[in-house]
Amino acid sequence: MMEATASARPSALRRPLHGAAWCLGAALALLLSVALGIAIGETALSPSLVLQVLANKLAGAHYAIDPISQGIVWNYRLPRALVAASCGAGLAVSGVILQSLLRNALAEPYLLGISAGASTGAVLVTVVGIGAGAISMTVGAFFGALCAFALVALLAHAAGSGGLRNSGQIVLAGIAGSQLFNALTSLIITKSGSAEQARGIMFWLLGSLSGVRWPDTVLTACIAITGLLLCLLHTRALDAFTFGSESAAALGVPVRRVQLVLLLAAALMTAVMVSIVGAIGFVGLVIPHAARMLVGVSHRRLVPASAMMGAVFLIAADVLSRTLIRGQVLPIGVITALVGAPVFAVILLQSQRRRG
Amino acid sequence: MPVRRFALPALLATCVFTSLSAWAAPYPMQLQNCGYAVSLKQAPASVVTIGQAGTEMLYALGLGDKLVGTSLWFNAVLPQFKAINDKVPRLADNDPSFESVIGKRPALVVSQFEWMVGKDGVVGTREQFHDLGIATYAMPSDCEGKNNLKGADGTRTAAYDVQALYKSIAQLAQLFDVQPQGERLVKDLRERQAKAVAKVQAAQQPNLSAALWFSSADLAIDPYMAGKNGVAGYMLQTLGLRNIVDSSEEWPTVGWETIAKANPSVLVIARMDRRRFPADDYQKKLEFLKKDPVTQHMDAVKKNRIVIVDADALQGSIRLVDGMEQISDAVRKLGPAAAR
């Protein structure tokens, strides 16, 4: 009976298997990346030591390991790898949402002015001294990001006739918002920053994973998973948006509600990620395109694939940032840009070739 | 006989004349300073300082009445100079504008950093001042053996040498023709430094390693540590403490992983009035060290071998010796340690 079914509808049976194989492969890739992220770092720790630490912590083994090395692996590197994965997944999924809702291939999470707002919030706390050292940069950045997004949303709403009938409105509003907040950041830095403060902000603005610990891991993982699940629930709606919001409405998708929910989800995810690790660019832009090339345009496959690829990409970028130059940690945003830009060029050329 | 009668008066007259001319001839003077020649036709009647180190140095030389403007302050002025400092107008807490400086019509501008007055000077280039007939003096501690065009705070090509500090004092004293005061100040500082070094040596703790934590952009992020060639690095080295940080940058960012692995015997942390980063507060620094899952296992943290030093004392100024005294007193109080 199974064979008859299989031969009668081969594609139907192959799809779950196909899907399962993909899931397994993706999970393995993620585990491997995390393992690499833990094993490689500023100081050399032997792989056997790393495995022993993992055994101690996860399997209750009792290897005698120097507490500093154990702490480095379990409390520094593992959270760092997991946060990189969560951020990569979160930014990639936000990118998918924005590219689909705005029907713009260049849309990315920072289009909504979020990273610009976050940087302004961060400099207000550290350079101007708002909060007198009681608030950390992260909190300042988060509120800055939300303010910027609120401003952009208001602007887009006021400019357009409500909703995203013309996605150009929100893109333009986003550009205006980003420019405004970037200018504010520059003003604050040049007016009152010393070289040291400017440098501290600079490093953070380009992305830095060095201060993350377990509480940050829990937060980013929860946010990333929530965002991912929310997106997975709306894959049909996202598919419908491919042909525009009017067509989506015709297909029975509650357009305004879906736009609101997904846009808010993307904005919140990005705001949290940016405030914790700084502005890491190109992930939200490039990963959805790369995923589209690999698994096609159906959002049911695109969303999880983007999340997975984003996670692996950012872990790899983090490992590179720590090992490219000896004794120095490069800002992770530099790595993602150096890799992302050429990859984007390749994708562009490939898609042109396919089209024409 | 005529020759013998006039011999003694002639000799006396010659002596008086030569000593008079020696006394009267300090100006016009010229000295080499950071690649420029500083020429003065007379003692500067007024001076503007950019940088607290230069300001306090001039106060210490008794030249407070010559100051017509100060700028670039990192913290409150030393208490012994408060009265005289209150009389001097402050042009800016941070970097002053070029016009505000020249508006005071100074004869001399004393700059602590090359990034204030120099090739990429925020206030202006030295030529800009010279074109207006204003002499400029850049403190040697920032230009000798340092490439200020590389690295955010400049990169030292050679280790900082306290001789640069004594040179600043001697040269400023020379420019204002107050050499005796200059020599007294240098002698006093040298003696205090020697006493501080002797105290540490007497504490009989050989082979101590140390790291100096200045601050961090965020509490858990990579901290700014003292590089091996900067002023802070010099202080550690002179006191016989081996700096675990190897970078030649002034304040490099070093990961906590590296610091924890190097496990210094003594950890020095900076105390400051500034509150921009959470880590500026030394109490927060201590709290972080004790709570962070990796740093709490460091020997220095477990055995509480943490030394607190004023951040103001970590520059190439007369406060440098204050810092060395603080560190040496604290190290001596730590008692015998397991040498590493």
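Two residues are in contact here if their C-beta atoms, placed from the backbone, lie within 7 Å. By that criterion, 28 residues of chain B are in contact with 29 residues of chain A. On the chain B side, the largest share, 4 residues, comes from helix H10 (residues 256–262). Helices (H or I, at least four residues) and strands (E, at least two) are DSSP runs, numbered from the N terminus. The side of chain B that touches chain A divides by class into 14 nonpolar, 5 polar and 9 charged residues. In this division Ala, Val, Leu, Ile, Met, Phe, Trp, Tyr, Cys and Pro count as nonpolar, Asp, Glu, Lys and Arg as charged, and the others, Gly among them, as polar.

This is a predicted model, in which local features need pLDDT of at least 70 and side-chain atom pairs count only at pLDDT 80 or more, while totals for chains, interfaces and linings use all residues. Residues are numbered from 1 along each chain as its sequence is written, and chains are lettered from A and ligands numbered from 1 in the order in which they are written.

Chain B comes to 13 helices and 14 strands. Of its 340 residues, 48% count as buried. A residue is buried if 20 or more other C-beta atoms lie within 10 Å of its own, exposed if 12 or fewer, and partly exposed in between, with C-beta atoms placed from the backbone. Among the contacts in chain B with a separation of 6 or more, 64% are between residues 24 or more positions apart.

Helix H13 of chain B (residues 319–334) has 16 residues and should span 22 Å at 1.5 Å a residue; its end C-alpha atoms are 23 Å apart, which agrees. The expected span is 1.5 Å times one less than the number of residues. Which residues of H13(B) are buried? They are Leu320(B), Val321(B), Gly323(B), Met324(B), Ile327(B), Ser328(B) and Val331(B). These residues cover an arc of only 155° around the axis, so they lie on the same side of H13(B). The arc is that of the directions from the helix axis to the C-beta atoms. Their cover includes helices H7 (163–175), H8 (179–202) and H9 (231–238) and strands S13 (266–271) and S14 (306–310) of chain B.

Helix H8 of chain B also holds Leu185(B). Leu185(B) counts as buried because it has 21 C-beta neighbours inside 10 Å. Not counting residues up to four places away in sequence, Leu185(B) touches Ala60(B), Leu61(B) and Ile169(B).

Some backbone features of chain B fall in loops. The peptide bond from Tyr27(B) to Pro28(B) is cis, with omega near 0°, and Pro28(B) lies in the loop between helix H1 (2–24) and strand S1 (29–33). Arg105(B), in the loop between helix H4 (98–103) and strand S6 (108–111) of chain B, has a positive phi near 50° without being a glycine. Asn263(B), in the loop between H10 and S13 of chain B, has a positive phi of about 50° and is not a glycine either. Asn263(B) is partly exposed, with 18 other C-beta atoms within 10 Å.

In chain A, helix packing is the topic. Two packed helices are described by the angle between their axes and the distance between the axes. Axes are lines fitted to C-alpha atoms, for helices over the stretch in contact, and angles run from 0 to 180 degrees between N-to-C directions. Helix H4 (residues 67–101) and helix H13 (residues 283–295) of chain A pack at about 75°, with their axes 7 Å apart. That makes H4(A) roughly perpendicular to H13(A); angles under 35 degrees count as roughly parallel, over 145 as roughly antiparallel, 65 to 115 as roughly perpendicular and the rest as oblique. The contact of H4(A) with H13(A) has 7 nonpolar, 5 polar and no charged residues.

The axes of H3(A) and H4(A) come within 10 Å and cross at roughly 75°, which makes H3(A) roughly perpendicular to H4(A). Here Leu49(A), Val50(A), Val53(A), Asn56(A) and Lys57(A) in H3(A) meet Ser69(A), Gln70(A), Val73(A) and Trp74(A) in H4(A). By class, this contact has 5 nonpolar, 3 polar and 1 charged. Just after H3(A), Gly60(A) takes a positive phi of about 70°.
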